[in-house]
Amino acid sequence: MQIAPVTRQTAHQSVIGSIQNYIVEQGLQPGDRLPTEQEFCDSLGISRSIVRESLSHFRMLGIITSKPRVGTVISEFLPKDAFASYQVFMAGDKETYREAKELRMSLEIGAIPLMIRGYTPEVGARLSKVLETMAIRAQTVGSDIEFHRILLESTRNRLISSLIPVTVQFFFSFGVTPVSDAQNAAPLEYHRSIAAALAAGDGDRMSEEFRRHYAPITPGYE
């Protein structure tokens, strides 16, 4: 007979588990209201300070938020930036930086079928506008971020979109970039080729252009 080991939990951890179970069991969705702090106190038989501390756990994760004259409500169940608190440390670690580059390349190349499926004239117009801006060298960095953001958002996959901060913005937020000096003269060409392949629905060509884009910075993507 197998018996799960007994684990000790603080009151704080126990209340977090109870609130989490309540949200799941009640089938609460974004916009739904949670019980008040006092209602949780009465139901769980614990102090208001512990309830408040436990709710702050979910508030910090972005799962709940407070609305005036409404109370505490469910905000969302997917993180907008799961690595926000870690990026400043990641930027100073060479191994993590290399892994972040590999994640970005794998994500973008792997998401090509979803980009093609999600392509619309509006997406094409947004990419064209960014390419026009990218031609102004002083705005290359911001335009590069926006270009790749549009591509990943076009997948219409919320989990992929939640990785944009760590796969795109990360490289520029702390003065690092996945693009080498040798490549600085060619970003417009690469981005134009990727956009043209996407507009044509040519996945193989998109993959080839992405690999050309990344070849100067990571071995194995030639």
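User: What volume does the largest pocket have in this structure?

Analyst: The general idea comes first. Rolling a probe the size of a water molecule over the atoms shows where empty space is left. In this model, which is predicted, the largest pocket has a volume of about 330 Å³.

User: Which residues that line the largest pocket are the closest to its centre?

Analyst: The lining consists of 14 residues, and those closest to the centre are Met-60, Leu-61, Pro-79, Asp-81 and Ala-82. Sorted by class, the lining has 9 nonpolar, 2 polar and 3 charged residues.

User: Which residues of H1 and H3 meet?

Analyst: From H1, the residues are Ala-11, His-12, Val-15, Ile-16, Ile-19 and Gln-20; from H3, they are Ile-50, Glu-53, Ser-54, Leu-55, His-57 and Phe-58. The contact of H1 with H3 comprises 7 nonpolar, 4 polar and 1 charged residues.

User: How does helix H2 pack with H3?

Analyst: Helix H2, residues 37-44, packs with H3 at an angle of about 115°, with the two axes 9 Å apart. The crossing in which H2 passes H3 is right-handed. On the H2 side the contact is made by Glu-37, Gln-38, Phe-40 and Cys-41, and on the H3 side by Arg-48, Val-51, Arg-52 and Leu-55. These residues divide into 4 nonpolar, 1 polar and 3 charged.

User: Are H11 and H12 roughly parallel or roughly antiparallel to each other?

Analyst: One begins with the angle. The axes of helix H11 (residues 187-199) and helix H12 (residues 203-214) cross at roughly 165° and come within 8 Å. An angle over 145 degrees counts as roughly antiparallel, and H11 and H12 are therefore roughly antiparallel to each other. H11 passes H12 in a left-handed crossing.

User: Which residues of H11 and H12 meet?

Analyst: Among them are Tyr-190, Ile-194 and Leu-198 in H11, and Met-206, Phe-210 and His-213 in H12. By class, this contact of H11 with H12 has 7 nonpolar, 3 polar and 4 charged residues.

How values were computed. Residues numbered from 1 in each chain as written. Predicted model: local features only at pLDDT ≥ 70, side-chain atom pairs only at ≥ 80, totals over all residues. Heavy atoms only, no water. Axes fitted to C-alpha atoms, helices over the stretch in contact; angles between N-to-C directions. Helix = DSSP H or I, 4+ residues; strand = E, 2+ residues; numbered from the N terminus. Parallel < 35°, antiparallel > 145°, perpendicular 65-115°, else oblique. Left-handed = near helix turned anticlockwise from the far one by under 90°. Contact = heavy atoms within 4.5 Å. Nonpolar A, V, L, I, M, F, W, Y, C, P; charged D, E, K, R; others polar. 1 Å grid on protein atoms, 1.4 Å probe; cavity = no way out; pocket = protein on both sides within 12 Å on 5 of 7 lines; lining within 4 Å. Points joined across faces, edges and corners; volume = space filled by probe spheres on them.
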